[in-house]
Amino acid sequence: MKIADLHADIGYDCMQKKKQGFSHNVLSQYHVENWKSSNIQLVCMVSYFEGYESWKDMQEMIVNLRNQIMMCKDVDLVLTKQDLLKSTDHIKAIMSVEGMCGVKENVTSCVEWMYKQGIRVASLCWNDENALATGVRGNEKRGLQEKGYEVIETMKRLGMIVDVSHANDQTFWDIMQINDVHVMASHSNVRKLCNHKRNLTIQQIQEIRNRQGIIGLNAAPYFIHTQREYQDIKYFVKHLTYLKQRFGDIQGIACGFDFMDYFENETQFTKNLQCAKDARNLIRVLQEEGFNKSEIQSFLYDHVFDFFSKVLC
């Protein structure tokens, strides 16, 4: 079965490799075979910013990621709906940004520049407070800022998707007050099952569903369960099972794995779901959990493909 991943910090990894002197064809050397081994055919490749980076830093990582994608013969950059619909055996890449801490002035021009480089999905913040919005580690009463509203209006005009995964609750609901915004939570789980601020409440999940948005379930262990013994592939699937029981279907639910096996300081991983090679393990576990073939293919790939088919220009 085909698999799609709504969140992979590939831009960050490419930048780290460049700093270490490995700048030629990083995707082919370090990622393509892992994706192919699990039949991952669509990846949102993310340039990730924690909150201290400048606009120049953001530009450097985004340009480097685009160059790496263009360099790789096994990966095609998706800019339009037609790019998505092209039938090839290549992995399709959608460029994303996680956090816009460097966007402080001339925010409309900055967003337009990102769009021209290929960015189609973006979150306004990581866990930080910045000039645009407030992440989950920020003041819980501080939400979307005036410049953030300007950014979202520009994203609306360009047809970009707003990612709410790192937004605090106030920012989330401020964004949801804006009409006609394409939204996704690229890598978040169910807060009811794992009480982490990065996970979504049932009300937030319902709102994303109401807007025909999409949610990528996160394979990072600390978003799956608070106790280490339950941080495994089976409990990852429990989040999907819970949503099916709660809503009666799994519409709009997909995978946003957030794999971190290529992060140097990361030591804790989800059992049997720690890297792209392990994504194929999901098929067996989903079958064991009682999902049928159509549901499994929808969760693993079709929901993502259908979402981007509708929102890309």
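This is a predicted model: local features need pLDDT of at least 70, side-chain atom pairs count only at pLDDT 80 or more; totals for chains, interfaces and linings use all residues.
On the α1 side, the contact is made by I10, G11, Y12, C14, M15 and K18, and on the α4 side by E60, M61, N64, L65 and Q68. Sorted by class, these residues comprise six nonpolar, three polar and two charged.

The axes of helix α10 (residues 233-247) and helix α11 (residues 281-288) come within 10 Å and cross at roughly 60 degrees. The crossing of α10 past α11 is right-handed. From α10, residues I233, K234, F236, V237 and L240 take part in the contact, where they meet N281, L282, V285, L286 and E288 of α11. The contact of α10 with α11 contains seven nonpolar residues, one polar residue and two charged residues.

Nonpolar side chains tend to be buried together in soluble globular proteins. In the model, the largest nonpolar core has 94 residues, of which W35 and M100 touch the most other members. Helix α10 gives the most to this core, with seven residues. When residues up to four places away in sequence are not counted, M100 touches M58, M114, A122, S123, L124, C125, N130, L132, V151 and M155. Another core, of 18 residues, lies apart from the largest one and has A4, L42, I214 and F307 among its members.

Burial was also examined in helix α8 (residues 169-176), where T171, F172, D174, I175 and M176 are buried. The elements covering the buried residues of α8 include α7 (146-158), β6 (161-163), β7 (182-185) and α9 (202-210). Y149 lies in helix α7. The relative accessibility of Y149 is 35%, so Y149 counts as partly exposed. Leaving aside neighbours within four places in sequence, Y149 is in contact with L144, D174 and I178; of these, D174 is one of the buried residues of α8. Y149 and I178 are 29 residues apart along the chain, and their C-alpha atoms are separated by 8.8 Å.

Notes
Residues are numbered from 1 along each chain as its sequence is written. Side-chain values use heavy atoms; hydrogens and water are left out. Axes are lines fitted to C-alpha atoms, for helices over the stretch in contact, and angles run from 0 to 180 degrees between N-to-C directions. Helices (H or I, at least four residues) and strands (E, at least two) are DSSP runs, numbered from the N terminus. A crossing is left-handed if the near helix is turned anticlockwise from the far one by less than a right angle, and right-handed if clockwise. Contact means heavy atoms within 4.5 Å. Ala, Val, Leu, Ile, Met, Phe, Trp, Tyr, Cys and Pro count as nonpolar, Asp, Glu, Lys and Arg as charged, and the others, Gly among them, as polar. A nonpolar core is a set of buried Ala, Val, Leu, Ile, Met, Phe, Trp, Tyr and Cys residues joined through side-chain atoms within 4.5 Å. Buried means under 20% relative accessible area, exposed over 50%, partly exposed in between (1.4 Å probe, protein chains only).
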